[in-house]
Amino acid sequence: MQSNWKFIALYFLVALGLSYPIQNGYMEPFFGSVVKGTILHGSGYLLAGISTFAAAIIAMAFHKNLSSSITILGKDKLKNALIGALPIMAFTIIGLENKLNFHASAYGFLYVMINTIYAFAEEFGWRRYLQNALENLNPHVKYLLIGLVWWIWHFRFTTQFDLFIFPLICLGGGYLLGKLTDEYKSILPATAMHTLIIITTNSGTFSVHEILGILFVLIGWIVIEQFWKKKELVKP
């Protein structure tokens, strides 16, 4: 199936257009006033998830022959759902320290649930729409192209880090998440990995809780993989 570039261009324009005022902080005063004193305070970046999700919904409304190779749940629905839920389960059990006087487990659940929803909204755009729309491209080109657009979408061009290091992070992350998505044919593993990236960079100091939570997720992922492999072996 050939890529339909006019709908892909529509996705780019909507995602970048909605992202620009959010990434440049124009929405932060309003958002900050609404969520002041809550768990969402200081999390204006969450609004950015709206841009990719809305862009995907709009593009999909017009792009009628879009490939459905990659879906939300993929073929192994239960397996992918468990992988997607792993960060939430892990940090509910391990907990996260916080300054809001929340119980560590309650805060861990709420913080990771919110960021999982955000990561899902982003990955719905990058994977459910764009990766399907670019299905006919060479996989390496496809992953790197999405990573490049992901960097541009952040509108971070002011420092040397933004211009020389952050693009490499986006290209590497885009490649990893793209490959992961093609392997599972579901956006949920990429959502789980994206959530871990957010937790390690946005939850404050990198404490023992974060380390234990990440280890819990990685071990849980291995256990799920091994269980499904054994399940496949015992099939008649």
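Analyst: A helix here is a DSSP run of H or I with at least four residues, numbered from the N terminus. Phe 91 is found in one of these, helix α4. The model is predicted.

User: Why does Phe 91 count as buried?

Analyst: Buried means under 20% relative accessible area. Phe 91 has 0% relative accessibility, so Phe 91 counts as buried.

User: Which residues does Phe 91 touch, not counting residues up to four places away in sequence?

Analyst: A contact needs heavy atoms within 4.5 Å. Among the residues Phe 91 touches are Leu 96, Phe 109, Val 112, Leu 196, Ile 199, His 209 and Ile 214. Take Ile 214: Phe 91 and Ile 214 are 123 residues apart in sequence. In space, their C-alpha atoms are 8.5 Å apart.

User: Where does Asn 80 lie, and why is Asn 80 called buried?

Analyst: Asn 80 lies in helix α4, which covers residues 77-94. The cut-off for buried is under 20%. Asn 80 has a relative accessible area of 1%, so Asn 80 is buried. Leaving aside neighbours within four places in sequence, Asn 80 is in contact with residues including Leu 73, Lys 75, Tyr 184 and Pro 189.

User: What makes up the protein, in helices and strands?

Analyst: There are 9 helices and 0 strands. From the N terminus on, the elements run α-α-α-α-α-α-α-α-α.

User: How do you know whether the radius of gyration agrees with that of a compact globule?

Analyst: The globule rule is 2.2 Å times the number of residues to the power 0.38. With 236 residues, that gives a radius near 18 Å; the protein has 18 Å, so the two agree. The C-alpha trace spans about 55 × 55 × 35 Å along its principal axes. Buried residues make up 44% of the 236 residues.

User: What share of the contacts with a separation of 6 or more joins residues 24 or more positions apart?

Analyst: Such pairs account for 75% of those contacts.

User: How many residues line the largest pocket, and which lie nearest its centre?

Analyst: The largest pocket is lined by 22 residues. His 154, Arg 156, Phe 166, Thr 201 and Asn 202 lie nearest its centre. The space in this pocket is about 570 Å³.

User: Which helix gives the most to that lining?

Analyst: Helix α8 does, with 5 residues. Helices α1, α5, α6, α7 and α8 each supply at least two residues.

User: What makes a lining residue polar, nonpolar or charged, and how many of each are there?

Analyst: Asp, Glu, Lys and Arg count as charged, while Phe is among the nonpolar ones. Others, Gly among them, count as polar. By that rule the lining of the largest pocket divides into 11 nonpolar, 8 polar and 3 charged residues.

Technical notes
Residues numbered from 1 in each chain as written. Predicted model: local features only at pLDDT ≥ 70, side-chain atom pairs only at ≥ 80, totals over all residues. Heavy atoms only, no water. 1 Å grid on protein atoms, 1.4 Å probe; cavity = no way out; pocket = protein on both sides within 12 Å on 5 of 7 lines; lining within 4 Å. Points joined across faces, edges and corners; volume = space filled by probe spheres on them. Buried < 20%, exposed > 50% of the residue type's maximum accessible area, 1.4 Å probe, protein only.
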